[in-house]
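Here are some questions and answers for a reader who is meeting this structure for the first time. Please look over the sequence and the structure before reading on.

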Amino acid sequence: MTVPYDVVVIGAGSAGLVVASAASQLKAKVLLVEGSERIGGDCLWYGCVPSKSLIHVAHTVHQIRRAAASGLVASLSGTGIRLDDLQVDYLKVYQHIRSAQEFIANHADSPDRFRKLGVEIVFAKGHFVDERTFEVGGRRVQARAFVVATGSRPLVPPLPGLAEVGCLTNESVFDLTRLPKSLAVIGAGAIGCELGQALARLGSEVTLIASRDRILPKEDPEAAQVVQQQLAQDGIRILTQTRAQKVSQENGEKLLYVRARNGSGDEVIRAEEILVAAGRIPNLEGLGLEAAGVQYGPQGIQVNAKLQTSNPRIYGCGDVIGGPQFTHVAGYEAAVALVNALFLP
C-alpha cells in the first residue's frame, strides 16, 4: 500500500533531525527513516560529543600537569603526591564519554521527543524503487519530497595487512576502555590531530603521519603551524611527506611501514594501536539512487544551489553531498533543503 507523506527524511543524523523536527513543527506529515538502531548520527556517537568530551578530560589533565609552574605542587608538600606523576584511569574517561552521549540521547536526541513533535520514525534500511517511491520496513511510501541525509563514514585505505591486523577509526576509538601505550595515526587532518593530541595528553605515545608537507592541509598555513608546534610540545612525533605502505603484527605490536617522500627512506613504526583518519566517504550504498534517477559520484550526491538532486523531488544535505563536513554546515543545509522541499512549487 502506498502511504503519502509531505516529507520522507532518510537518515537521522544532524541534518536529518533538523529537517524532521522543523518540518513537523510546520505541520508537515513526516517520516524519518534510520538504518541503525539509534538517532543522533556521527555528531552524537562518533564526532562532536565523544571527541569534545575526550578533549575536555585531556585538557584538564594537561592543565594539572602544568600546574607545578604555578606553585600548586607546594600546596601538596608532605603528601608524597606529585602532579606530574598522576595517572589516568582511562575506564573512567570512557565512562565520562558515554555519560555525555547518554544524556543527549535521552533528551535532545530522544526518539520520544521527535515522536511528540509528530514525527513518525522507522528504524530500518530502505531504498528507492522508482523516482517517486521509497520502500522501507515492508511497505512502500511516497511523498511530496524526499531528503537524503545519510551522512558519511571513515575511509579505510586498502593497505596490505591492515584488514588482518585491524585498526581504529573515529567510530571505534571511543569504545576503548584502556589507553593504548602507543598509537600511530594515519592522517593529519582535524580528526587525526585532535584525537592524537587528546590521547597523547592522557599518556599515549603518539606518532602522526601526514602525507603532505604539513598537518591540517585544509587550514591556513599559519594556523596549522601553531597547532603543529603545540602537538610537538605535547610529545607527538610528526612525520610529514610520509605515506603508510603496509601493516603487519609481531609479538602483540602492530608494525606500520611508512615511506618518506623526501628521500629519508623507509621506517617501521611500532604501536599498540593504529588510528586511521584519512578521509571520509558518503553513505550511498543500498539506497537505490539509480532507480530514483539521482546522480552521484565519489564525493557524494550531486545537488544544485537549492540542494535538489537530478530528481527534483529528492534533496540532499549533510555529509552525503560532500563539501565541508561539519555539524553546523549540515544544520544550515538542512534548513535550505527543508524550505525548498516544502515551499517550492
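Q: What share of the accessible surface of the protein belongs to carbon and sulfur atoms?
A: In this predicted model, the accessible surface of the protein comes to about 17,200 Å². The part of that surface that belongs to carbon and sulfur atoms is 52%.

Q: What percentage of the residues of the protein count as buried?
A: The C-alpha trace spans about 75 × 50 × 40 Å along its principal axes, and the protein has ten helices and 18 strands. A residue counts as buried when its relative accessible area is under 20%. Of the 345 residues, the share that counts as buried is 46%.

Q: Which residues make the nonpolar surface patch of about 310 Å²?
A: One member of the patch, Phe343, lies in helix α10, which covers residues 327-343. The residues that together make this nonpolar surface patch are Leu26, Val339 and Phe343.

Q: Is phenylalanine 343 buried or exposed?
A: Phenylalanine 343 has a relative accessible area of 56%, and the word exposed is used for values over 50%. Because 56% is over that cut-off, phenylalanine 343 is exposed.

Q: What span is expected for α10 at 1.5 Å a residue?
A: Helix α10 has 17 residues, and it includes buried ones, among them Val329, Ala330 and Leu342. From its first C-alpha to its last, α10 reaches 24 Å, which is close to the expected span of 24 Å.

Technical notes. Residues numbered from 1 in each chain as written. Predicted model: local features only at pLDDT ≥ 70, side-chain atom pairs only at ≥ 80, totals over all residues. Heavy atoms only, no water. Patch = residues over 30% accessible without salt bridge, like charges linked within 9 Å, V, L, I, M, F, W, Y side chains within 5 Å. Areas by Shrake-Rupley, 256 points an atom, 1.4 Å probe, with all protein chains shown as cover. Salt bridge = Lys/Arg side-chain N within 4 Å of Asp/Glu carboxyl O. Helix = DSSP H or I, 4+ residues; strand = E, 2+ residues; numbered from the N terminus. Buried < 20%, exposed > 50% of the residue type's maximum accessible area, 1.4 Å probe, protein only. Expected span 1.5 Å × (residues − 1).
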